[in-house]
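Hi,

Here is the structure I promised to pass on. Have a look at it first, and my notes on what turned up follow below.

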Amino acid sequence: MSENRIAIMAVGGAGCRIIQKFTALDAAKKFRLLALDSDIEALRNSGVPEENWIQAGRLLRSGRGCGGDLIAGQQALANERKLLNTVLSGTDVLIIVAGLGGGLATGGLPVILGVAAKMHITTAVLVTLPFAMEGFQRRQISDEKIKNDLLPIADAVIALPNDLLFSAMEAETPVAEAFAKSDEEISRSLFAVATVLGGANLFNADFAAFTGVLKRRHSLCALGTAMVTDGDEAASAAMDELLASPLLGGPETLDNADAVTFSLIGGPELSMGRARAVLDLCSRQINPDFEKKILLGAAADTDFSGRIQLTALAVRYLDNPVKSEPAAGKYSFRRNNASRSGDSGEQLALPNLDIVEKGIMENTTPIMLDGEDLDVPTFIRRGLVIETGK
Ligand SMILES: Nc1nc2c(ncn2[C@@H]2O[C@H](COP(=O)(O)OP(=O)(O)OP(=O)(O)O)[C@@H](O)[C@H]2O)c(=O)[nH]1
Ligand SMILES: [Mg+2]
């Protein structure tokens with residue numbers, strides 16, 4: 001697959017900051033980079049060329065962010081479906097990077113994924129989860145979003161808890177520095193994911209295997225990356241650096257994972273012997289007493305001449321696979337089969353709807369179907385202009 005059929009889209013403030021670090025990597029120029037936000041400042045800081053900006057909800061938000069309001073985020077995206085269709089045409093794989101917990105990305109991601117799904121684009125979503133100190137509610141909303149609206153549509157969801165940052169950094173590390181470091185780590189992982197999904201692999205870890213680990217599974221992920229000079233010491237140097245990665249959360253994360261993928265990217269001169277040596281070390285790092293999936297893969301890239309990048313993605317499953325349809329149950333219709341079961345003319349019973357005391361739309365969880373909010377009137381969702389005759 002040619003790399004420009006892979007688009008990497010940053011969504012919201014965190015996404016834009018991460019992609020800004022990504023643009024600093026030599027290899028970034030191979031991919032089509034897009035930045036989406038309602039906040040014009042975030043787009044300006046993304047490092048993505050202006051022609052690839054998608055400023056969502058111009059009229060609704062007037063160039064500002066959504067201030068943590070995910071309904072506003074969803075509305076900002078609701079009218080941009082046509083634009084997204086145009087921007088994404090010709091794309092085979094879409095990789096989205098964002099931080100959950102704010103308004104624009106948390107509310108808007110399902111809309112973007114819905115458009116991509118209709119266009120049969122394969123999607124992988126790399127999201128950070130809010131810090132515990134940001135409040136329990138933000139974390140809970142983010143978890144629900146993943147489970148109900150992202151997992152059923154996306155091909156892979158990689159959820160990285162931001163708290164892992166603190167587990168590996170000195171307590172006195174300034175917050176801005178901690179974020180910058182994490183953004184750098186995430187941008188390197190983004191490259192590893194894009195390489196695996198792009199199919200430029202020398203062996204193993206192909207696209208199907210990678211998404212097989214993550215598809216429809218609600219999980220927490222941890223990432224470790226290392227960049228070392230190719231040479232005799234490369235394998236052990238890469239492993240040492242990887243284990244000290246701030247987003248990995250320590251070597252025990254690998255042992256506690258249900259599945260681990262290791263991907264290695266080297267220059268065109270990368271020998272099979274070196275690749276094997278590094279990946280053998282990776283397998284040995286995992287305690288053989290634990291039964292888990294291990295996926296190893298290597299790829300060559302001209303921009304990595306003389307260097308080796310090693311990335312580990314440790315996946316911990318939280319529950320069973322999610323069905324590939326929006327969350328059933330709460331909003332689905334139940335059959336009233338008290339007296340007429342088996343009859344094709346069965347009466348459908350309304351679900352037990354929760355009572356929300358603060359009005360209909362305020363602070364409620366939107367009812368989503370294929371990334372569309374069913375609470376938004378059809379004429380708005382379809383972008384129809386109603387002639388008033390004036
Ligand atoms: N790793 C990382 N996480 C970040 C960064 N900035 C913000 N976050 C996290 O991402 C979450 C969402 O923040 P933003 O991306 O700013 O939110 P947004 O989607 O732009 O939404 P609004 O600003 O409300 O419109 C926050 O709750 C933080 O947990 C960053 O630079 N790096
Ligand atoms: Mg923002």
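H120 is found in the loop between helix 6 and strand 5 (helices are DSSP runs of H or I with at least four residues, strands are E runs of at least two, and both are numbered from the N terminus). Its phi is near 60 degrees, a positive value in a residue other than glycine. H120 is exposed, at a relative accessible area of 73% (exposed is over 50%, buried is under 20% and partly exposed lies in between, with a 1.4 Å probe and protein chains only).

Before the rest, some housekeeping: this is a predicted model, so local features need pLDDT of at least 70 and side-chain atom pairs count only at pLDDT 80 or more, while totals for chains, interfaces and linings use all residues. Residues are numbered from 1 along each chain as its sequence is written, chains are lettered from A and ligands numbered from 1 in the order in which they are written, and side-chain values use heavy atoms, with hydrogens and water left out.

R216 also has a positive phi, about 60 degrees, and is not a glycine either. You'll find R216 in the loop between helix 10 (207-214) and strand 8 (219-229). Buried or exposed? R216 is buried, with a relative accessible area of 15%.

Next, the rings. Searching the whole structure gives four aromatic pairs (rings of Phe, Tyr and Trp, the last by its six-membered ring, pair if their centres lie within 6.5 Å; planes under 30 degrees apart are stacked, over 60 edge-to-face and the rest tilted). One of them is F31 with F191, edge-to-face at 5.9 Å centre to centre and 80 degrees between the planes. That pair links distant parts of the chain, 160 residues apart: F31 is in the loop between helix 1 (12-23) and strand 2 (32-37), and F191 is in helix 9 (residues 175-198). Both F31 and F191 are buried.

F131 and F179 make another edge-to-face pair, with 5.5 Å between centres and 80 degrees between the planes. Here too distant parts of the chain are linked: F131 is in the loop between strand 5 (122-129) and helix 7 (136-150), F179 is in helix 9, and they are 48 residues apart. F131 is buried at 3% relative accessible area, whereas F179, at 34%, counts as partly exposed.

Ring pairs also join F22, F31, F191 and F304 into a cluster. The charged end of R307 sits over the ring of F304, 5.3 Å from its centre (this takes NZ of Lys or CZ of Arg within 6 Å of the ring centre and within 35 degrees of the ring normal). R217 does likewise with Y317, its charged end being 3.9 Å from the ring centre.

Now the ligand. Which residues come nearest to ligand 1? Of the 24 around it, they are A14, C66, G68, E134 and D183 (a residue is near if one of its heavy atoms lies within 4 Å). Oxygen atoms of ligand 1 are 2.7 Å from a polar backbone atom of C66 and 2.6 Å from a polar backbone atom of G68. Helix 1, helix 6 (104-118) and helix 9 are the elements that give two or more residues to the shell.

Cheers

Technical notes. Polar contact = N/O pair within 3.5 Å; in protein donor to acceptor, adjacent residues only side chain to side chain.
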